[in-house]
Amino acid sequence: MTLLVVLPTYNERPNLDRVAAGILEHPFTRLLVVDDASPDGTGAIADALAARPAGGRVLHRTGPRGLGRAYIDGLQHALASQADAIGQMDADLSHDPKYLPDLVAALDDFDLVIGSRYVHGVSVVNWPLRRIMLSAFANRYIRTITGLGPHDCTSGFRVWRREALARLPIRPHGRAATRF
């Protein structure tokens with residue numbers, strides 16, 4: 001099974017090499033970095049990664065930007081690939097790529113698998129206390145309003161079977177240029 005991981009970036013210069021290496025250490029993974037014209041040079045680092053063997057691809061976005069739109073554009077590009085499964089994760093090291101094999105293995109039984117930072121309490125690193133508190137509040141609020149049971153409703157660490165993701169109505173936003 002081939003997994004293409006969509007990794008949106010904006011000012012992720014300090015993290016990109018490390019998270020990309022963690023993703024690409026798994027022989028079944030490919031990488032698509034979706035950069036929103038990061039002023040810190042993240043896009044150039046992504047281009048350098050893409051120039052390496054099995055370094056992935058880069059989607060440089062212009063026009064309307066933001067995390068949600070980056071995911072939409074990235075997922076559309078991923079659906080146009082030959083990947084069997086498509087994943088998404090944050091570039092800020094809040095999701096550990098070492099769990100990708102477990103998420104992909106769970107696709108044997110599920111169409112969508114969501115990784116959580118809260119399985120064994122709070123397991124995020126490099127987050128300031130205010131971000132942890134905001135995440136905890138947001139998750140509690142979402143669970144209260146919607147009645148959902150999961151404790152990490154805001155998780156951006158997901159893996160889909162290609163066919164399941166293809167059934168979703170994902171619409172394009174803005175312009176993007178891919179460099180291979």
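**Reading a buried valine and its core**

Student: Apart from neighbours within four places in sequence, which residues is Val19 in contact with?

Tutor: Leaving those neighbours aside, Val19 touches Leu7, Met89, Asp90, Ala91, Leu93 and Pro97. Keep in mind that this is a predicted model.

Student: Where does Val19 lie, and why does Val19 count as buried?

Tutor: Val19 lies in helix α1, residues 13–24. Buried means under 20% relative accessible area. Val19 has 0% relative accessibility, so it counts as buried.

Student: How far apart are Val19 and Leu7?

Tutor: In sequence they are 12 residues apart, and in space 9.3 Å, C-alpha to C-alpha. Leu7 has its own list of contacts beyond four places in sequence, including Leu16, Ile23, Leu31, Val33 and Met89.

Student: Which residues have the most contacts inside the largest nonpolar core?

Tutor: Leu3, Leu7, Leu16, Val19 and Ile23, in a core of 26 residues. At least two residues of this core come from each of β1 (3–9), α1, β2 (29–35), α2 (42–51) and α4 (100–106). There's also a second, separate core of 13 residues, with Val6, Tyr71, Ala78 and Leu165 among them.

Student: Now the strands. Do β4 and β6 run parallel or antiparallel, and how many bridges join them?

Tutor: Antiparallel, with four bridges between β4 (residues 85–88) and β6 (residues 158–161). To find the pairing on screen, look for Ile86, whose bridge partner in β6 is Trp160.

Student: What about β5 and β6?

Tutor: Strand β5 (residues 112–114) pairs with β6 in the antiparallel sense too, over three bridges. Here Val113 stands opposite Val159 in β6.

Technical notes: Residues are numbered from 1 along each chain as its sequence is written. This is a predicted model: local features need pLDDT of at least 70, side-chain atom pairs count only at pLDDT 80 or more; totals for chains, interfaces and linings use all residues. Side-chain values use heavy atoms; hydrogens and water are left out. Two strands pair if DSSP finds at least two bridges between them. Buried means under 20% relative accessible area, exposed over 50%, partly exposed in between (1.4 Å probe, protein chains only). Contact means heavy atoms within 4.5 Å. A nonpolar core is a set of buried Ala, Val, Leu, Ile, Met, Phe, Trp, Tyr and Cys residues joined through side-chain atoms within 4.5 Å.
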